[in-house]
Structure formats: C-alpha cells, structure tokens
Amino acid sequence: MNKSFSLNNYLTPIFFAVIMGSIVSPATSEAKIVEEKRSLYQNVYIMNEVGLTCMRFRKKSHNDLSQSCIFNDTPEYLVFDYYKLAMGATFFLEDPKDMLIIGLGGGVLVNRYKDVYPKANITSVEIDDVVAEMARKYFNYTDEGEQYETHIRDGRVFVKRALRKDKRYDFILLDAFNSDYIPEHMMTKEYLEEVKGLLKPGGIIMANTFSSSALFHHESETYHQVFGELYQIHFDDEKTNRVIVVSNEKLPSKEKLLKKANEYKPLLSPYGVDTLKVFDAISDEVNWDRDAKVLTDQYSPANLLK
C-alpha cells in the first residue's frame, strides 16, 4: 500500500513562519491594542492584556492564538507551556556552538537560549519582516553582534541555501507556523531530510507540533521514517503542544536526560521551568498509527485540517 502523501502549491507565498505558543483565550474586553501594522502576510497586532504583552494576528476572535507573549513585569518568566517544553533542549545539548531557529515570532525562546548558551552562534529565520520588527520593539529581541543573525526568508528556502553553503548546526528548532498549522512545504519527508542534512554529527532537531492536530499520526510517522527513534515531550494536562526531538545519531538515554534535568534545574528555575516536570513529560512511546501515510511534497495535507 502506498504510504505517501504528496504536497502541491510548493513554496506559495501564503505560508509564513511564526512562533506558535499554546492556545490562550484573551480577555478581549481588557485587551488594548498597542500597535497594529500590516505586513505582506497579515495584520500584526501588539496587545497589552492582563499583565501580558502579546503578538497576535487577529484583533478579536474566540480562542484566538497569541503567537508570542511575555509578562510585563517579569519578561524572562516564560508564559506558555510550549516555551517550557522547548527549554528541554538543554537536556540534549552539550555546549552547542551553532544554533538555528526557524520561526522567530517574538524571539522569546531565542532570548532564553542566548541566556543559557552565551557563547553560541544563533541564526534566526522569519519570513515576515514586521514580525521581526515587533520582536525587537516589544519582546526584547536583539541580534546585535557577530554571534547573532536574523534572516527574513522562507524557512525552506533558507535550509536549501544553507545546504549549498555547507552550513552545519548543533541544534535546530523548527517552529514555523501559518494561520492553520505548520506550512505544508515544511512538514514533509523531503523537507525533514533537508533539515537533517544541516546537522552536525549528533546534532539535535526539536520541532514544535500539535498533539491535537488531525495530522498527528501522519506527522509522527513522517518523522519516524526520516530519523528513526524519537522522543516526544508533552504535558499530560496540555491538550495542544507537543515537542518532537530527533537526531542523526542515537538519542541520549532517559538516564542521561535525567542527569541533565537535575543539572539545569537551578539555571532554568528563574524562567519558570520545572526541569523535572519537563523530564517526566518525555516519552519514547510509539503512540501513533505506524500505518499512517508519510507526508511528501506531492500532496497537500492541509485538506486534513478542514
């Protein structure tokens, strides 16, 4: 039986890379628009609401999605559970020199990675220049100095060019989203193979995905086909976000991860990250349908989201 999905409309301009946090229900009656700006892809709103500054793409909507949020009084304290899951990257990394973030949003995670790995070179990729502008203006994102770069470019285009330039990274975070889900051309087997080609030996890829997505089984099997073993990080009480962790070599054992979780506990605590809770959320269980079709570049999986 053919286990492949195909994907058409390759690299069309409707796809854009943004960071996607947990679903939040904003108190719109108390929300105040601080700034509104139209980009090539959407309206970008900066909102002040209930002690938060948030970036959103809709002014008012039931169960709207805030792309990035920070606490006004304690911006270093992470708002979304997804941010905390993504800080689990520290369990897998050993003094990374080169890090790649695809999907900048407010730059919240980049800022925290800069704190934890002050010597690392960090490259951020964001297709929407207005999003990057708002990240600098409202979310304390900076890319000054030779260590940090921000590229305004489609994430897959960047990956293809980086491969031609023989770039390699210790850590890659895949966090590109459009208004529906991950852009179609950035969740296929071909794309993941391209991203895998950017890893240094033993490098780590972490991907922000949704456990509640209609593509859960297909997406999981696609990662499995490309990388083999994988970890998933998902809080039991979190109904949306899960993080997938893969590598081009064997992943660390749970025993090694626990050691790192204990090691980083005091360092990540000021950010509101309970490293032992994150460790407990790590699973190597195959909880998806292994017969699910693999996503490829010849068919649009967006149909499954309808």
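## Aromatic pairs

Tyr113 is buried, at a relative accessible area of 0%. The model is a predicted one. Phe171 is also assigned to the buried class, because its relative accessibility is 0% and the class takes residues under 20%.

A search of the whole structure turns up six aromatic pairs. In one of them, Tyr82 and Tyr83 have ring centres 6.0 Å apart. Their planes stand at 50 degrees, and the pair is tilted. Tyr82 has 0% relative accessibility and counts as buried. Tyr83 is buried as well, with a relative accessible area of 0%. The rings of Tyr113 and Phe171 form a pair with centres 5.5 Å apart. Their planes meet at 75 degrees, so this pair is edge-to-face. Tyr113 belongs to helix α2 (residues 108–116) and Phe171 to strand β8 (residues 169–174), so the contact ties together parts 58 residues apart in sequence.

Which residues do ring pairs link into a cluster? They are Phe80, Tyr82 and Tyr83.

## Charges over rings

Lys114 lies over the face of Tyr148, at 4.4 Å from the ring centre. Lys277 lies over the face of Phe235, and here the distance to the ring centre is 4.6 Å.

## The open sheet

Eight strands make up an open sheet. Their order is β7-β6-β5-β8-β9-β11-β10-β12, and the pairing is mixed. The edges are β7 and β12 (282–283), each of which pairs on one side only.

How do β6 and β7 run, parallel or antiparallel? They run parallel, and four bridges join them. Val125 has its bridge partner in β7, namely His151.

## The second largest pocket

The second largest pocket holds about 250 Å³ of space. Its lining has 17 residues. Thr123, Glu149, His151, Lys167 and Tyr169 lie nearest the centre of this pocket.

How does the lining of the second largest pocket divide by residue class? Eight of the residues are charged, five are nonpolar and four are polar. His151 ties this site to the sheet: it is among the residues nearest the pocket centre, and it is also the bridge partner of Val125.

## The cavity

Rolling a probe the size of a water molecule over the atoms shows where empty space is left. In the whole structure, the search finds one cavity of 30 Å³ or more. The largest cavity has a volume of about 90 Å³. It is lined by 13 residues. Closest to its centre are Leu174, Asp175, Ala176, Ile182 and Met186.

Strand β9 (199–210) and helix α6 (216–227) each supply at least two residues of this lining. By class, the lining of the largest cavity has ten nonpolar residues, two charged and one polar.

Is Lys160 buried, partly exposed or exposed? Its relative accessibility is 27%, so Lys160 counts as partly exposed.

Lys160 and Leu198 are 38 residues apart along the chain. Their C-alpha atoms are separated by 9.4 Å.

## Positive phi in two loops

Val50 has a phi near 50 degrees, a positive value in a residue other than glycine. Val50 sits in the loop between β2 (43–49) and β3 (52–56). With a relative accessible area of 58%, Val50 is exposed.

Asp95 also has a positive phi, near 50 degrees, and is likewise a residue other than glycine. Asp95 lies in the loop between α1 (81–86) and β5. At 48% relative accessibility, Asp95 counts as partly exposed. Why is Asp95 placed in that class? The exposed class takes values over 50% and the buried class those under 20%, so 48% falls in between.

Conventions: Residues are numbered from 1 along each chain as its sequence is written. This is a predicted model: local features need pLDDT of at least 70, side-chain atom pairs count only at pLDDT 80 or more; totals for chains, interfaces and linings use all residues. Side-chain values use heavy atoms; hydrogens and water are left out. On a 1 Å grid over the protein atoms alone, a cavity is a set of points where a 1.4 Å probe fits but cannot get out, and a pocket is an open set with protein on both sides within 12 Å along at least five of seven lines; lining residues have an atom within 4 Å of a point. Grid points are joined across faces, edges and corners, and a volume is the space filled by probe spheres set on the points. Ala, Val, Leu, Ile, Met, Phe, Trp, Tyr, Cys and Pro count as nonpolar, Asp, Glu, Lys and Arg as charged, and the others, Gly among them, as polar. Rings of Phe, Tyr and Trp (its six-membered ring) pair if their centres lie within 6.5 Å; planes under 30 degrees apart count as stacked, over 60 as edge-to-face and the rest as tilted. Buried means under 20% relative accessible area, exposed over 50%, partly exposed in between (1.4 Å probe, protein chains only). A charge sits over a ring if NZ of Lys or CZ of Arg is within 6 Å of the ring centre and within 35 degrees of the ring normal. Two strands pair if DSSP finds at least two bridges between them.
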